[in-house]
Amino acid sequence: GNDYSGTHSITTAAGNAHTIKFVIWSAHKNVGSRVYLLANEKNYQMFHLKNQEFTLDVDVSNLPCGLNGALYLAEMDADGGLSKSS
């Protein structure tokens, strides 16, 4: 497994809140962590949002000036395109 809290400074509280720090000092300096949601061991979580509402609360009260705190959604295959390349 991956040490998400130690290496990437990604923590979960109460099962539905995630905290991600931009600059992490562990064995190495890690800048700009990203998180990908998985449905299982081989597939990304798919969101079918057409005519649906998606809400997100972001606390940027401690975000330093000049940094972008954003959520990006990208269209992709659930398997990340692996079935097309095999």
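**Close-up views of a predicted model**

Among contacts in the protein (heavy atoms within 4.5 Å) between residues at least 6 apart in sequence, 26% join residues at least 24 apart. This is a predicted model, in which local features need pLDDT of at least 70, side-chain atom pairs count only at pLDDT 80 or more, and totals for chains, interfaces and linings use all residues. Residues are numbered from 1 along each chain as its sequence is written, and side-chain values use heavy atoms, with hydrogens and water left out.

**View 1. The fold, element by element.**

**View 2. The surface.** The accessible surface of the protein is about 7900 Å², and carbon and sulfur atoms hold 51% of that; the areas come from the Shrake-Rupley method with a 1.4 Å probe, and for residues only the protein chains shown count as cover. Of the 86 residues, 8% count as buried (under 20% relative accessible area; exposed is over 50%, partly exposed in between; 1.4 Å probe, protein chains only).

**View 3. Two aromatic pairs.** Rings of Phe, Tyr and Trp (its six-membered ring) pair if their centres lie within 6.5 Å, with planes under 30 degrees apart called stacked, over 60 edge-to-face and the rest tilted. The count by this rule is 2 aromatic pairs. Y36 and Y44 make a tilted pair, 6.2 Å centre to centre with 55° between the planes. Y36 counts as exposed at 51% relative accessibility, while Y44 is partly exposed at 28%. F47 and F54 make an edge-to-face pair, with 5.9 Å between centres and 85° between planes. Here F47 is partly exposed at 40%, and F54 is partly exposed at 36%.

**View 4. The largest pocket.** About 2200 Å³ of space lies in this pocket. Its lining has 44 residues, and the closest to its centre are I20, R34, V35, A70 and L71. A pocket is an open set of points on a 1 Å grid over the protein atoms alone, where a 1.4 Å probe fits, with protein on both sides within 12 Å along at least five of seven lines; lining residues have an atom within 4 Å of a point. Grid points are joined across faces, edges and corners, and the volume is the space filled by probe spheres set on them.

**View 5. What lines the largest pocket.** β1 (10-13) and β2 (17-20) each supply at least two lining residues, and β2 gives the largest share, 4 residues. The lining divides into 26 nonpolar, 13 polar and 5 charged residues.

Conventions: Nonpolar A, V, L, I, M, F, W, Y, C, P; charged D, E, K, R; others polar.
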